[in-house]
Amino acid sequence: MSEPLIQAKRLTKSFLSGGKEISVLDGVDFSLAPGTSCSIRGESGSGKSTLLNVLSGLETVGEGELYWSGKKVSGLSLSALAAERAARIGFVFQAYYLAPELNSLENVLLAARIHRRIDSSVTDRAVQLLEKVGMGHRIKHSSTKLSGGERQRVAVARALINDPPVLLADEPTGNLDEATGEAVMELLLEMTADADKSLVLVTHNPIHAARTETQHMLHLGKLGQSVI
Amino acid sequence: MPWYLYHALKQLFPSGRFFSFFSLVSIVGVMLGVCVLIIVQSVMNGFGENIRSRIVETEGDIRIRSNEVIYDWEEYFGKLQAKENVVAVSKYAEGIIMLQYKNRPQFPVVRGIDPWEDEQVVPLEKFITVGNIEQFDDEGIFLGEGLAHTLGAGPGAIVEVFTPLMLERLKKDEILLPREFKVLGLFRTGSPAVDGNTMISTLRVMQELYGLEDGVHGMVLRLRPGVEAFQYARELERDVLRPGLQAVSWLESNRDFLFVVEQEKRVISFILIFIILVASFSIAIALMMAVIRKTREIGLLVAMGARPRQVAYSFCFQGFVIGTLGTVFGILMALLCLRYRLPILTGYGKLTQNEVNFLGVYDVYEIPVHYLASDFITVTCFAIGISTLAGLLPAFRAARLKPADALRSE
């Protein structure tokens, strides 16, 4: 059996608020096998995004251990984690976070530039990805002139440009209307399935969550299997 | 190109637009500061250089003088001519007289020279605007243009000269008859002070007017190019001249004036440096605003694998680019303004309905300019350095952002 891409053992995370320590994650165990998808649901403020941030190394681990493809990464500095993360994890956020100074293609290529130097093959791949997500006709358009759905499609292409084995999507349809959200969700699942990627989806939407292979529910800092 | 340099350039020059507003304002700030600094330094250099070159041209490199009339000048004249570093020597006598034309009196300095000898030291022919030096004799004089204008005496006019010696004769009840001279021509040295107050006669005439017999008031030396006048004057005093004869270099005789010009340049430059400092603050504020505005973007960059120090480089580099472009445009604008300084000054005069007449203070007719490479290098280094430093504070702030907090920020 192949090694999990992300594995967390008894993860804890707490924050100080008004002098009091608030526990957000309380001994979370998590494992993501290659080529699988899972969803994480929970109430607002339950710590879904925090869990995603901890799993991706954007947030340091309190206690417990975190492994990426068998390599222990808990305890590494944020700077060291950044270098590891570029090749392993792609992100899709609710608010897209496209750079307004760049056009669609440049936004996709920015992720590649950060990871490595780009050449014509990378540019070709970016164009192909944009065509695949249905944005081939708006490659040179400024990101500020795209609709919400279009921006999220560009963000999906950006998340895949470095060919990471894992895609983390934090409420990717949260800012979109139902039809557009459905289309983006379809695209996300299709793109990850086609490329044999693993997907971790944080969502409120039980219908979207049901489309992943495994469903989790985060409640009171504990992660459990969800029954939808 | 590393991604952070690319990112910085795109922040300043976004796709689909030539400039971002913030970068344009910041670049203009630095540009104005650099432009004003270069203009002021070049004009002040111009005043200094103009004064220096004119002093050397009209007064020679070194003057040999004494508190008394020099009668044994022949002995030293030959010795000085024989010196390797001395190109030419001429003797002179000078003093104040009363010059009158059609009952209009003036009290100029008259300098008596040997025109053929003096031409090697002070190029009078170069300064003559009306008349011919070939006609110079004991019956004629040359007037500075300003002096001629004040008297209303042009070439061919007969002017009357009264000397202090005549006053002595008057005391002895002798009849006072002025000496008459014909104005042979006019000269313009470029110094309003000299041109408005100088008359040139032959040395023989001046010796007669002042009763010097064969004596002179001094000698003027022209040195080989590159010989340091101040040091060489000391050498002459030590090795050639007798006690009582002083060798005074042009630097010494105009020390106060040159010092004032140099100090003015330094003080004005010091004051104007604050323009660049203010511009650098505007860069710091603009970049800080960008960091605050783009907090979530910075979080995303780190999420995509950017290291905090690379994020810092991006903002520092933006300061560097702003400084570099501002400096380049500032220098170009300064060169343009200086090239067209006269029309600009005339336009300014018309706009304010006021004549710009401060130039006389600097003893020049028009604004002079002299470019010094050292000024350009100093201003360039200073402006780019300050602009880059201005990017440091926002860069540190950006680098210290925690990616998760940055992504969460509103």
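**Ground rules.** I number residues from 1 along each chain as its sequence is written, and chains are lettered from A, with ligands numbered from 1, in the order in which they are written. Since the model is predicted, local features need pLDDT of at least 70 and side-chain atom pairs count only at pLDDT 80 or more, while totals for chains, interfaces and linings use all residues.

**Entry 1, chain A as a whole.** I began with the elements of chain A and found seven helices and 10 strands; here helices (H or I, at least four residues) and strands (E, at least two) are DSSP runs, numbered from the N terminus. I then looked up burial, and of the 228 residues in chain A, 47% are buried. A residue is buried if 20 or more other C-beta atoms lie within 10 Å of its own, exposed if 12 or fewer, and partly exposed in between, with C-beta atoms placed from the backbone. For contacts in chain A between residues at least 6 apart in sequence, I noted that 69% join residues at least 24 apart, two residues being in contact if their C-beta atoms, placed from the backbone, lie within 7 Å.

I followed strand 4 (residues 63-68) of chain A, which runs antiparallel to strand 1 (residues 6-17) of chain A and is joined to it by five bridges; strands pair if DSSP finds at least two bridges between them. Lys9(A) has Glu65(A) as its bridge partner in strand 4 of chain A.

Most residues other than glycine have a negative phi. Ser69(A) has 16 other C-beta atoms within 10 Å and is therefore partly exposed.

Is helix 3 of chain A largely enclosed or largely open? I found that 12 of its 12 residues are buried, so helix 3 of chain A is largely enclosed by the rest of the structure. Among the buried residues are Glu106(A), Arg113(A) and His115(A), as well as Leu105(A) and Ile114(A). The cover comes from both chains: it includes helix 2 (78-88), helix 4 (120-132) and helix 5 of chain A together with helix 1 and helix 13 of chain B.

I then looked at one of these neighbours: helix 3 (residues 104-115) and helix 5 (residues 148-160) of chain A pack at an angle of about 30 degrees, with their axes 8 Å apart. Axes are lines fitted to C-alpha atoms, for helices over the stretch in contact, and angles run from 0 to 180 degrees between N-to-C directions. The two helices are therefore roughly parallel to each other, the word being used for angles under 35 degrees. On the side of helix 3 of chain A the contact is made by Ser104(A), Asn107(A), Val108(A) and Ala111(A), and on the side of helix 5 of chain A by Val154(A), Ala157(A) and Arg158(A).

I looked up the interface and found 20 residues of chain B in contact with 22 residues of chain A. Helix 1 (3-12), helix 13 (295-303) and helix 18 (403-408) of chain B each supply at least two residues of the side of chain B that touches chain A, and helix 13 of chain B gives the largest share, six residues.

**Entry 5, strand 9 of chain B.** Which strands pair with strand 9 (residues 179-187) of chain B, and in which sense? Strand 8 (residues 158-162) of chain B runs antiparallel to strand 9 of chain B and is joined to it by four bridges. Phe187(B) is the bridge partner of Ile128(B) and also of Gly144(B), while Arg179(B) is the partner of Val161(B).

Methods:
Angles under 35 degrees count as roughly parallel, over 145 as roughly antiparallel, 65 to 115 as roughly perpendicular and the rest as oblique.
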